[in-house]
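Visitor: Hi, could you walk me through this one? I have not looked at it before.

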Amino acid sequence: MKENNRGNFGSKFGILMAVAGSAVGLGNIWRFPYLAGENGGGAFLLIYIGLILVVGLPIVLAEYSIGKAAQAGPIKAIRRLTGKRHSPWESMGYIAVTVGYILLGFYCVLSGWVVKFFVESAFGGLVSKSPSEISSTLTVFQESVWQPIVFGLAFLVISMMIVRRGIDRGVEKWSKILMPTLFVMLILLCINSSTLSGWGRGLDFLFNPDWSEVTTRTFIDALGQMFFTLSIGMGVILTYGSYTRKGENIFKSKGLATIIDTSIAILAGVIIFPVVFSFGMEAGQGPALVFNTLPLAFAELPMGGVLASLFFLMLAIAALTSAISIHELLVTVAVEQFKISRKRAALLTTGGVAVVVAGCASWDVLFDGADFASSNVLMPLCGLITVLFAGWGMKSKVLRKTFTDNGKYSKGIYPIFLFCVRFIAPIAIALIFLSGFGFI
Ligand code: PHE
């Protein structure tokens, strides 16, 4: 029996915005530019796009199909589809939940930085400061003991308030408003960057591959970035799939979400690198990149202060639609495993994540470690088990039926998808994994 009281997405546009809302976040605007900056720009971009096509998109489709077929979160989905309790495939669900707690804690701390930059640009005159004053804003904030914790926890509580309202009134409603607004904001910034002196050099860096910077670490970084940005390898897309019942062309809609996600990452690069070169900054400066460059770009614009506040607000909101998707996974699993109400589950999971927030905000090693362990190790592992399950573990009839919506859509694509899920994606993940960690 499938429960009818779990709630469902109300419309196709709502699902698209929720899936794209989960994917688009700090991964596109903060993480992608700084990793591309460290890994030779264009070369990183090409490897990343290649991986999305042969590994990322198939995982998105597999996860979504598993969730939709089972109408349940990751642990219960495996039980339903195998008809067994405690099959080895279930490990996927447990890894997903573990990553969920770690990553949400990390993500809230990072989103806290964004909220701080919003406050600074709205009330602290951030954009009129000099480059060195701007970079000290982030350092001073990180060094104050309580601020990162308070900002991170506040963010977590907002996420909880949305998730406890349920799928259609919470997640879907917000994603539909916030995502289009963010897009308009980015286009505006892109036009601004095109007027800067470093425009040409910025684009050259992003689109002209410099293979000399590429090492096995580049592949590990690109793989981790792909998992992080597409929200895959942790049951989030699976969980969203479980809240849809209506017939849909899964390939088309998830393909579109993937295209939106990739375009926004590229757009972020197009905005940021011209600023880096115009102001003689370092492209490979690491995680502070966006926080140090964007305020300078805004300073060039009329009403830069207002626009900067709006931008950081939008970024915080984009981060929120990602955070709620992870929160939703944790709540769904808690409801299913402990048979408690959604509201209670929201409170319980928030308590667990709060501990991670406090840890990641207080110790840099935990902050960096949480990102690395989740994106570069646990998510690829969970993604690997997911594709193996979709390709070899579950009944291929069920997968086919869900993917093609009973033979209505994408019948020609299905064999290619299945081939990627069965062979290409697992082999690619395994190879990158083994070589990145020095086993081969
Ligand atoms: N994809 C989100 C981003 O790019 C982060 C995220 C990761 C969200 C994993 C959900 C699950 O910011």
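**Around the ligand**

Guide: A backbone N or O atom of F228 lies 2.8 Å from a nitrogen atom of the ligand, a polar contact, meaning a pair of N or O atoms within 3.5 Å. This is a predicted model, in which local features need pLDDT of at least 70 and side-chain atom pairs count only at pLDDT 80 or more, while totals for chains, interfaces and linings use all residues. Residues are numbered from 1 along each chain as its sequence is written, and side-chain values use heavy atoms, with hydrogens and water left out.

Visitor: Which side chain has a polar atom 3.0 Å from a nitrogen atom of the ligand?

Guide: That is S231, and in the side chain of N28 an N or O atom is 3.4 Å from an oxygen atom of the ligand.

Visitor: OK, and how many residues surround the ligand?

Guide: There are 17, the closest being A23, L26, G27, Y107 and F228, where a residue counts if one of its heavy atoms lies within 4 Å.

Visitor: How do they divide into nonpolar, polar and charged?

Guide: The shell has nine nonpolar residues, eight polar and no charged, with Ala, Val, Leu, Ile, Met, Phe, Trp, Tyr, Cys and Pro taken as nonpolar, Asp, Glu, Lys and Arg as charged, and the others, Gly among them, as polar.

Visitor: Switching topic, how many salt bridges are there?

Guide: The count comes to nine, a salt bridge being a side-chain nitrogen of Lys or Arg within 4 Å of a carboxyl oxygen of Asp or Glu. One of them joins K68 to E248, with the closest N and O atoms 3.5 Å apart.

Technical notes:
A polar contact is a pair of N or O atoms within 3.5 Å; within protein, one must be able to donate a hydrogen and the other to accept it, and residues adjacent in sequence count only if both atoms are side-chain atoms.
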